[in-house]
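Me: I have a structure open and would like to learn how to read its features. Could you take me through them one by one?

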Amino acid sequence: MTTTSPLASDLTDPVHTQLQYQLAVFARRMEQVRGSDGVAALVRAAYLLLERLERLGPANVKALADALGVDSSTVTRQVAPLVAAGLVGRVQDPADRRAVRLALTPLGSDRLAEVRAGRTELTRQLVADWPPEEQRVFCALLARFNHSMESYSAGRQGA
């Protein structure tokens with residue numbers, strides 16, 4: 001008697017096979033669409049750093065790295081061009097005058113708002129013919145999927 005291993009059945013499961021394929025297509029299409037949307041783009045890392053600084057306020061590299069789920073050296077490397085462009089500035093940490101925090105500058109705030117508005121409009125156009133309820137469900141499911149990926153990554157880092 002032969003049995004199918006759980007791994008083998010996972011590899012031949014049409015839903016998961018199609019899901020992984022659709023995710024790959026989604027990632028490629030997002031880059032294509034974002035590059036041609038007419039809005040001067042920010043690379044994903046820059047967008048997420050500016051977004052996080054807007055939400056957190058001034059933060060040190062370690063806090064940003066923790067919030068983004070990346071290494072501190074990655075944040076240091078990614079923030080350097082943002083500082084050079086005047087989108088992020090260094091401010092003194094009020095708790096430790098020897099330390100510095102990174103902060104969104106007014107130019108960075110304006111740039112983030114411009115890019116966010118462009119991305120929001122693009123998203124609105126892409127789902128314009130979807131019923132509002134489907135838009136809400138898609139958003140909720142995508143958020144849930146992102147949370148699952150975040151939990152998976154955190155579990156692997158802790159292992």
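Reply: Axes are lines fitted to C-alpha atoms, for helices over the stretch in contact, and the angles run from 0 to 180 degrees between N-to-C directions. Here α4 and α5 pack at about 105 degrees with their axes 8 Å apart, and α4 and α5 are therefore roughly perpendicular to each other. Before going on, please note that this is a predicted model, where local features need pLDDT of at least 70, side-chain atom pairs count only at pLDDT 80 or more, and totals for chains, interfaces and linings use all residues. Residues are numbered from 1 along each chain as its sequence is written, and side-chain values use heavy atoms, leaving out hydrogens and water.

Me: How many helices and strands does the chain have?
Reply: Helices (H or I, at least four residues) and strands (E, at least two) are DSSP runs, numbered from the N terminus. The chain has seven helices and two strands, running α-α-α-α-α-β-β-α-α from the N terminus on.

Me: Which residues of α4 and α5 meet?
Reply: Contact means heavy atoms within 4.5 Å. In α4, V61, K62, L64 and A65 meet S72, V75 and T76 of α5.

Me: At what angle do α3 and α5 pack?
Reply: In general, two packed helices are described by the angle between their axes and the distance between the axes. Helix α3 (residues 44-56) and helix α5 (residues 72-84) pack at about 90 degrees, with axes 10 Å apart, and are therefore roughly perpendicular. A45, A46, L49 and L50 of α3 make the contact with V75, Q78, V79 and L82 of α5. Seven of these residues are nonpolar, one is polar and none is charged.

Me: And how do the axes of α3 and α4 cross?
Reply: They cross at roughly 110 degrees and come within 11 Å, α4 being residues 61-68. On the α3 side the contact is made by L48, L49, R52, L53 and L56, and on the α4 side by L64, A67 and L68.

Me: How many aromatic pairs are found?
Reply: A pair of aromatic rings is described by the distance of the centres and the angle of the planes. Rings of Phe, Tyr and Trp (its six-membered ring) pair if their centres lie within 6.5 Å; planes under 30 degrees apart count as stacked, over 60 as edge-to-face and the rest as tilted. A search of the whole structure finds one pair. The ring centres of W130 and F138 are 5.4 Å apart and their planes at 80 degrees, so the pair is edge-to-face.

Me: Is V115 buried or exposed?
Reply: Buried means under 20% relative accessible area, exposed over 50%, partly exposed in between (1.4 Å probe, protein chains only). V115, in helix α6 (residues 106-126), is buried at 2% relative accessibility. Across the chain, buried residues make up 20% of the 159 residues.

Terms used: Parallel < 35°, antiparallel > 145°, perpendicular 65-115°, else oblique. Nonpolar A, V, L, I, M, F, W, Y, C, P; charged D, E, K, R; others polar.
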